Amino acid sequence: MQSGLNESLAGRFEPINVTHWSYPEMADAFGFSLDEYVYFGGYPGAAPLSHDQERWSAYIRGALVEPNIERDVLSMTRVDKPALLKRLFEIGALYSSQIMSFNKMLGHLQDAGNTTTLTRYLDLLSQAGLLTGLSKHTERPVSARASIPKLNVLNTALMSAASGYSLEQARAYRMFWGRLVESAVGAHLVNTASPSITVKYWRDGNHEVDFVLQRGPHTVGIEVKSGQTPTSHQGLMEFERRFQPRATVIVGDSGVPLHEFLSEPADYWFEAT
């Protein structure tokens, strides 16, 4: 067959994505508590080092992040500015869960670049399972592609290691812990969403919804309440009025407990209500 075929048979396969480990998987395998999962994330190789903060942080940076960027990402396609790519990841890990324009990102970067380059590099980081930029939910798909991205690490270990905080320090820093919890929810949604689901965010003026799941014409709005900020559901209420979603979900604060939410895939919320 090898000598008689002129085709490579490329494309005749089914891709199966193996994403980061979920909270139930890390809890079952390593006994992680909810707070430990939020901080240490879903890297099984790093789990045995979680008792030693310095070794754990060094492992995340040296054994996972650097080889992933310097070898795996660069092997995907041509990257003219590898230093810019690496710096973009560093900025994205620090600002995970925040909405940040590409022009503002450029202000934090040493290397010269443009928004087109950053958009492409962010796509590469997303394909590598490191960092993604969620687009804004809108009734006009063309506008969504040009929207300001919401940065989200795809494993909270990346954000924790970049911060320099220990688990105890992270929990004590209320604002950071709230962002870490929100990033854990975002990473879980992206990692568990089926190919038919797109994960976005929504903001209009003072109204904001942390995450929007879209499957065809149907949407689900998700708001994360970590207890670190005053409780307000105005964003979800406006989102319901404007888009008539299939469902809205509040994570934490009298809503769905965080550990339960992190135990269900993204698709579940289209059928749960």
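Tutor: Let's start with a term: on a 1 Å grid over the protein atoms alone, a cavity is a set of points where a 1.4 Å probe fits but cannot get out. The model here is predicted, so local features need pLDDT of at least 70 and side-chain atom pairs 80 or more, while totals for chains, interfaces and linings use all residues. Residues are numbered from 1 along each chain as its sequence is written, and side-chain values use heavy atoms, leaving out hydrogens and water.

Student: What makes up the lining of the largest cavity, by class?

Tutor: Five nonpolar residues, nine polar ones and no charged ones. Nonpolar covers Ala, Val, Leu, Ile, Met, Phe, Trp, Tyr, Cys and Pro, charged covers Asp, Glu, Lys and Arg, and polar the others, Gly among them. Helix 10 gives the most, with five residues.

Student: And what makes a space a pocket instead?

Tutor: A pocket is an open set with protein on both sides within 12 Å along at least five of seven lines. In this protein, the largest pocket holds about 1100 Å³. It has 35 lining residues, with S126, T132, G133, L134 and V190 nearest its centre.

Student: Which helix supplies the largest share of that pocket's lining?

Tutor: Helix 6, with six residues. Several other elements supply at least two residues each, including helix 10 (174–192) and strand 1 (131–134). By class, the pocket lining has 16 nonpolar, 17 polar and two charged residues.

Student: Why is S97 called buried?

Tutor: Its relative accessible area is 9%, and buried means under 20% (1.4 Å probe, protein chains only), so S97 qualifies. S97 sits in the loop between helix 4 (82–94) and helix 5. Leaving aside residues up to four places away in sequence, S97 touches K150, L151, N152, R179, E182 and S183 (heavy atoms within 4.5 Å).

Student: How many helices and strands does the protein have?

Tutor: Twelve helices and six strands, where helices (H or I, at least four residues) and strands (E, at least two) are DSSP runs numbered from the N terminus.

Student: How do you know that the protein is as compact as a globular protein of that length?

Tutor: The globule rule, 2.2 Å times the number of residues to the power 0.38, gives 19 Å for 273 residues.

Technical notes: 1 Å grid on protein atoms, 1.4 Å probe; cavity = no way out; pocket = protein on both sides within 12 Å on 5 of 7 lines; lining within 4 Å. Points joined across faces, edges and corners; volume = space filled by probe spheres on them. Buried < 20%, exposed > 50% of the residue type's maximum accessible area, 1.4 Å probe, protein only.
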